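Here is my note on this model. Please read it with the structure open.

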Amino acid sequence: MLANFQREYNINRIFLSSIGLWPFQNKIMRNVLRTFCILLEISYYPFELILLYDHWDDSKLVFDGLYQITMSVCFFARIINQLWNHEKLQKLYLTMDEHWDIFTNETDVRVLKDYSTLSRKFTIYFSILVYIMTSAFIIVPLTPIFLDFMLPLNESRPRFFAIEIEFRLDKNEYFLPLYFYTTTAIVVGITIVVAVDAMHITCTTHACSLFASVSQQVENMILKVNNNNKISDHEHCMNTEFESLEEEIMYREYITCLKKHQLAIEFVDILESTYQGFSICLLLLIIAILSLIGVRIVDVLDQVGEVTRFTFLIIGDLVVLLIVCYPGQRLMDESQDVFHRAGRNLDILIYISIATYAAVVRISISYFTAFLSLKD
């Protein structure tokens, strides 16, 4: 099952399976993993609310608390979208798998393969980048422990976590279990982002490959028509049967082109209905995050360290915003390219229409001749 999908997009399947969002994995395992992820993300909110309540007079902690709550909502929104559109995602992945059995000519396979390779590279590079940044982020709180071991002082250095959070417990005494909890929450949240966003990009890239394949087929048909016209201009005697065969082949290719284009449109419709609400929600959340950063950065312009931190946050959020917006623009470009190529060469449509009309006329004449012979 889904042999084509697993061959081309297996890395996406692995990421989704790790958090229980792969719709075809074992039901028990899927429910256990997704329940764990949901409960973990929900359990994070009370501690952030306590942080805001206890430190409402500290603008830095208030910003950190609001920022982290908004990021948690982004994680949770991704899970909810996957659960809400479970059946649509199943259909989406099955359709992707079926396309590899429908788009089977040499040009189609090459185009689909190029785009699947592109999406695989994106998933790999994106995940590596995100996990490297996350690793650096969660290793920093271990610095006091290493320093206490390497350069001990009379008393232990103060402990802190990768994220600002209030447990109302002694951080030094319960550092390891609390550090494990915060690290797990961060890693799971980042995995949700990588799995869902990379799969969204992969689906969009696949849709682009469908339109690119149709566009390439239209281009090939145009070249054939132009070549035939050149040959017709130089030849005075033409083989009528050969002409009829060429017209029939061209007509069939044109019909195949239309069918494949319809399949691409149907796939895009499913993709859009699956991610449209989520994309709007995520876009609003990112705007809210950027607004928080903008308000806070005005207050810390004289603090180089804080400005640097906010700069990294802005860059990270803009990257996510680009990931959300770019696929749609890329898909529009690919779909419009089909019409641009055909629109610049309307002679192919005219040629096919004339060829079809001529074929119908010939068939009608042959039937009429046969009727007259029978009558005689």
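This is a predicted model: local features need pLDDT of at least 70, side-chain atom pairs count only at pLDDT 80 or more; totals for chains, interfaces and linings use all residues.

1. Residues are numbered from 1 along each chain as its sequence is written, and side-chain values use heavy atoms, with hydrogens and water left out.

2. The unreviewed UniProt entry annotates "transmembrane region" at residues 122-147, 178-196, 277-298, 310-328 and 348-370. Such annotations may be inferred rather than shown by experiment. Residues 178-196 are 100% helix and 0% strand, with end C-alpha atoms 27 Å apart. Residues 122-147 are 88% helix and 0% strand, and their end C-alpha atoms lie 38 Å apart. Helices are DSSP runs (H or I, at least four residues), strands likewise (E, at least two).

3. Ile-128 sits in helix H5 (residues 106-139). Ile-128 is partly exposed, at 43% relative accessibility; that class lies between buried (under 20%) and exposed (over 50%), with a 1.4 Å probe and protein chains only.

4. The largest nonpolar core has 60 residues; Phe-5, Leu-92, Tyr-93, Met-96, Met-199 and Tyr-275 touch the most other members. A core joins buried Ala, Val, Leu, Ile, Met, Phe, Trp, Tyr and Cys through side-chain atoms within 4.5 Å. H7 gives the most to this core, 17 residues.

5. Which residues does Tyr-275 contact, beyond its neighbours within four places in sequence? They are Asn-81, Gln-82, Leu-89, Leu-92, Tyr-93, Met-199 and His-200. Contact means heavy atoms within 4.5 Å.

6. A second, separate core of five residues includes Val-214, Met-221, Met-250 and Cys-257.
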